[in-house]
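Reader: I have a structure to look at and some questions about it. Can we go through them one at a time?

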Amino acid sequence: MRNCAMTFAATLFVAASAVAAEPPNDAQIASIVVTANQVDIDAGKLAQKKGSNAEVKAFGKQMVTDHAAVNKQASALVKKLKVKPQDNPTSQSLKSGGVENVKKLQKLKGAAFDKAYVDHEVAYHEQVIDAINKTLIPSAKNPELKKLLETGLPLFQGHLEHAKKLQASLGK
Amino acid sequence: MIIRAAVALGCLSGALAAGAGAIAADKPATHTVVIEGLKFVPEMLTVKRGDTVVWVNKDPYPHTATANGVFDSGAIAEGRSWRYIAQKPGEHPYLCTFHPNMKGLLRVQP
């Protein structure tokens with residue numbers, strides 16, 4: 001699992017570096033935001049179904065609720081700004097990373113599932129926070145899109161802290 | 001005589017004002033904490049025992065106001081609120097269990 005998280009981190013890092021060379025435009029940022037949320041919604045749905053620990057299930061449910069709320073805001077903004085989310089290397093890597101994670105999680109059960117899911121949530125939120133801070137906020141041109149990212153930041157930080165607490169309690 | 005009456009009247013209105021003040025102080029107050037942008041606003045609130053505190057969630061996702069062993073709102077949905085009558089004097093740090101980076105402090109005076 002540690003390997004998996006590290007591979008995932010490396011993928012995001014590569015994607016972030018590719019982006020750093022050429023900053024994403026607003027249409028690409030919109031696609032990254034929507035994809036990042038959707039990936040975590042998919043994993044959360046799986047955790048609600050397959051999680052064995054009640055707190056893990058509840059966390060999965062919360063991820064579905066919270067990220068769906070952000071995506072609702074994001075799609076309303078995209079419509080308002082008449083921006084069409086544009087696929088790009090970062091959103092593609094997020095998508096394939098999400099599919100890979102779900103595939104791995106589907107093979108696990110019980111405590112092994114719980115641990116793998118929560119470990120991945122910690123790594124995922126850390127990477128997404130890093131990308132929002134270093135790439136997405138500085139690159140966003142539209143002030144409303146920038147604001148959406150800025151309000152998303154404490155939300156993702158909250159999820160990270162929550163996931164870390166869960167990770168520590170599962171380790172006991 | 002006129003002076004004495006005026007003084008008496010002054011005393012009377014003074015007593016009335018003091019009485020009204022005492023009544024106002026005894027009557028429990030209601031305080032509002034707005035939850036917005038993953039923050040409790042105000043972050044620190046001082047109330048008197050018996051006062052009501054209302055947490056209003058203006059974020060698009062659920063939050064909680066939880067001080068372990070003192071109060072726990074459970075999930076407050078988007079646009080909803082939760083009322084709590086402050087009973088236990090003291091300083092109660094609280095947080096949102098869903099987003100533990102959200103912290104607040106409720107100070108309850110005896």
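Reader: In which segment of chain B does B:Pro110 lie, and is B:Pro110 buried or exposed?
Author: This is a predicted model. B:Pro110 lies in the segment after β9 (103-109) of chain B. B:Pro110 has 7 of them, so B:Pro110 is exposed.

Reader: Which residues does B:Pro110 touch, not counting residues up to four places away in sequence?
Author: Start with a distance. B:Pro110 and B:Lys48 are 62 residues apart along the chain, and their C-alpha atoms are separated by 6.3 Å. Leaving out residues up to four places away in sequence, the residues that B:Pro110 touches are B:Arg49 and B:Pro89.

Reader: What pattern does chain B follow along the sequence?
Author: Chain B has 1 helix and 9 strands. Of its 110 residues, 25% are buried. Read along the sequence, the pattern is α-β-β-β-β-β-β-β-β-β.

Reader: How many helices and strands are there in chain A?
Author: From the N terminus on, the elements run α-α-α-α-α-α. Buried residues make up 40% of the 172 residues in chain A. The count for chain A is 6 helices and 0 strands.

Reader: What share of the contacts in chain A with a separation of 6 or more comes from residues 24 or more positions apart?
Author: Take chain B as a reference. There, residues 24 or more positions apart account for 44% of the contacts with a separation of 6 or more. In chain A, the share is 80%.

Reader: Which element gives the largest share of the side of chain A that touches chain B?
Author: In all, 13 residues of chain A are in contact with 10 residues of chain B. Two elements of chain A give two or more residues to that side: α3 (54-81) and α6 (143-171). By class, that side divides into 3 nonpolar, 7 polar and 3 charged residues. The largest share, 8 residues, comes from α6(A).

Reader: How do the directions of α2(A) and α4(A) compare: roughly parallel or roughly antiparallel?
Author: The axes of α2(A) (residues 26-50) and α4(A) (residues 89-106) come within 9 Å. They cross at roughly 5°. Angles under 35 degrees count as roughly parallel. Therefore α2(A) and α4(A) are roughly parallel.

Reader: How many nonpolar, polar and charged residues does the contact of α2(A) with α4(A) have?
Author: Look at who meets whom. On the α2(A) side are, among them, A:Ile32, A:Val39 and A:Leu46. On the α4(A) side are residues including A:Leu94, A:Val102 and A:Leu105. By class, the contact has 8 nonpolar, 6 polar and 2 charged residues.

Reader: Within what arc do the buried residues of α4(A) fall?
Author: The buried residues of α4(A) include A:Ser93, A:Gly97 and A:Asn101. The face turned away from the buried side carries the exposed residues A:Ser96, A:Val99, A:Lys103 and A:Gln106. Seen down the axis, the buried residues line one face of α4(A), because they fall within an arc of 155°.

Reader: How far apart in space are A:Ala111 and A:Ile137?
Author: A:Ala111 is found in helix α5 (residues 110-139) of chain A. A:Ala111 is exposed, with 12 other C-beta atoms within 10 Å. A:Ala111 and A:Ile137 are 26 residues apart in sequence, and from C-alpha to C-alpha the distance is 37 Å.

Terms used. Residues are numbered from 1 along each chain as its sequence is written. Chains are lettered from A and ligands numbered from 1 in the order in which they are written. This is a predicted model: local features need pLDDT of at least 70, side-chain atom pairs count only at pLDDT 80 or more; totals for chains, interfaces and linings use all residues. Axes are lines fitted to C-alpha atoms, for helices over the stretch in contact, and angles run from 0 to 180 degrees between N-to-C directions. Helices (H or I, at least four residues) and strands (E, at least two) are DSSP runs, numbered from the N terminus. Angles under 35 degrees count as roughly parallel, over 145 as roughly antiparallel, 65 to 115 as roughly perpendicular and the rest as oblique. Two residues are in contact if their C-beta atoms, placed from the backbone, lie within 7 Å. Ala, Val, Leu, Ile, Met, Phe, Trp, Tyr, Cys and Pro count as nonpolar, Asp, Glu, Lys and Arg as charged, and the others, Gly among them, as polar. A residue is buried if 20 or more other C-beta atoms lie within 10 Å of its own, exposed if 12 or fewer, and partly exposed in between; C-beta atoms are placed from the backbone. The arc is that of the directions from the helix axis to the C-beta atoms.
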